[in-house]
Amino acid sequence: MKHLVIAGGGFAGFWSAMSAVRQATELGKRDMLKITLINRDEYLGLRPRFYEADLRGTRVPLGNWLTPLGIDLVIGEIGSAVPASRHIRLVGGPDISYDQLILATGSRQTYPDSVGPGHLFSADTFEESAALDQHLRALTATGFPTPASRTFVVVGGGLTGLEIVTALPSRLERLAPSIPGFAFHLIERAPEIGLGYAPDARRHIVKRLQHLGITMHTGQDELRHEKDRLILAGNQQLSAKTVIVATGFTASPLAATFRGPRDDLGRLAVDAFLRLPEHPEVLAAGDVSLAKTDPDHYAVMSCQHAMPQGRTAGHNAVRLLFNEDPIPYAQPRYRTCLDLGPGDALVTAGWERRVKTIGPEAKAIKTEILTQWICPPADIVNTLAMAAPVIAS
Ligand SMILES: Cc1cc2nc3c(=O)[nH]c(=O)nc-3n(C[C@H](O)[C@H](O)[C@H](O)COP(=O)(O)OP(=O)(O)OC[C@H]3O[C@@H](n4cnc5c(N)ncnc54)[C@H](O)[C@@H]3O)c2cc1C
């Protein structure tokens, strides 16, 4: 019996597991393969939805798929991996040994040195998003008595920060329709908002922020945060009881357990088959993996890349265990879809991130992504059909 262990039950880990079952069945080896997935809780967390006001349905129980497929689900915190003896150490034990490992422990929020993490919020995990929701409800219960309680600041103007900040005005309006005078601020280190986008997309983003009454502060590379107060460049001060950080992600610290090159986000370089060059019995997929999508580009931390990488990693792990050739990962098409609040979104095409669609049409695409594309189908047969490592070109 071979043992495939999947560390992490997010998008990459979940789809690795589905793809591994699929490939093992196709090879006629399912009864010779034990699959274990380890995750810190029992859910597949749909992270791109964690900025939403209503968190119901933003995570789904892994057991709904793993149990019927005979995959062992171990709930626990992975403390470290010991590649030399091929085992995973759970905090509080036991150790779990593997023949092949898929590392899919994702990423986590980073905080600039001067900002946090104390007294700050984020939309990084379900728990943090639930804490933000609770905080907003507690403020609502007090009736927002001070300017600081009516001021909302998002630090970080990347994709996540933009989605959080553009959702806030309508979220507050729903919570407290009779309270006037909410203020919304977006703080960005770069000299312009949306620098990762092409000029046409950037213009749309800025126009939208202006339309929603969000004040933009750019070139803010030396922030300081004290309780209920953010100090910006030029000693400008914002009193705010709600500061939400969205300043980017770094790879799970477990990546540091393995030898081999890493980028400055801590992601492990992988070969074309998603293996670690110095540990061929380990594959890495999702936010923890530095994988090339085509000869000129690396994948970004996104579901768009984590899900197909998971499907490829699960497929390849099984093939390697049974001495079959693995297949290369490639994903030449690159799109982004940015939520910009009620009735608007921005779909871009290509690595330059040029506008493809905006407005209600783009919003409909975003809704479809959030409610369908990133959610596994409820039935097992369809899920396994979707687990094939076929990538749209
Ligand atoms: C607010 C927000 C909005 C986003 N919007 C988008 C978007 O619009 N489009 C897009 O493509 N991407 C978006 N992303 C990014 C996307 O969610 C990630 O790229 C994606 O989740 C990566 O998948 P993954 O499986 O690699 O990691 P994750 O989804 O992070 O899953 C990792 C799993 O491993 C588990 N884990 C980690 N460490 C341990 C440990 N030590 N022990 C046990 N378990 C562990 C975690 O609990 C988790 O279940 C967004 C992210 C956020 C936070």
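Start by selecting Ile78 together with the ligand: one of the backbone N or O atoms of Ile78 sits 2.8 Å from a ligand nitrogen, which counts as a polar contact (a pair of N or O atoms within 3.5 Å; within protein, one must be able to donate a hydrogen and the other to accept it, and residues adjacent in sequence count only if both atoms are side-chain atoms). Taken alone, the ligand exposes 1,000 Å², and the protein buries 91% of that (areas by the Shrake-Rupley method with a 1.4 Å probe; for residues, only the protein chains shown count as cover).

Before you click on, know that this is a predicted model, where local features need pLDDT of at least 70 and side-chain atom pairs count only at pLDDT 80 or more, while totals for chains, interfaces and linings use all residues. Residues are numbered from 1 along each chain as its sequence is written, and side-chain values use heavy atoms, with hydrogens and water left out.

Next, pick Glu77, where a polar side-chain atom lies 3.1 Å from a nitrogen atom of the ligand.

Now show the whole shell. The ligand is surrounded by 31 residues, with Ala12, Asn39, Ile78, Asp287 and Cys303 the closest (a residue is near if one of its heavy atoms lies within 4 Å). Color by domain, and you'll find at least three shell residues from each of domain 1 (2–109 + 249–332) and domain 2 (126–245); the bounds come from an automatic or database domain assignment.

(A pocket is an open set of points on a 1 Å grid over the protein atoms alone, where a 1.4 Å probe fits, with protein on both sides within 12 Å along at least five of seven lines; lining residues have an atom within 4 Å of a point.) Domains 1 and 2 both give residues to the lining, so the pocket lies between them. Highlight α7 (359–373) too: with five residues, α7 gives the most to this lining.

Two backbone stops remain. Zoom to Gly93 and Pro94, joined by a cis peptide bond with omega about -5°. Finally, go to Leu274, which has a positive phi of about 75° although it is not a glycine.

Key. Helices (H or I, at least four residues) and strands (E, at least two) are DSSP runs, numbered from the N terminus.
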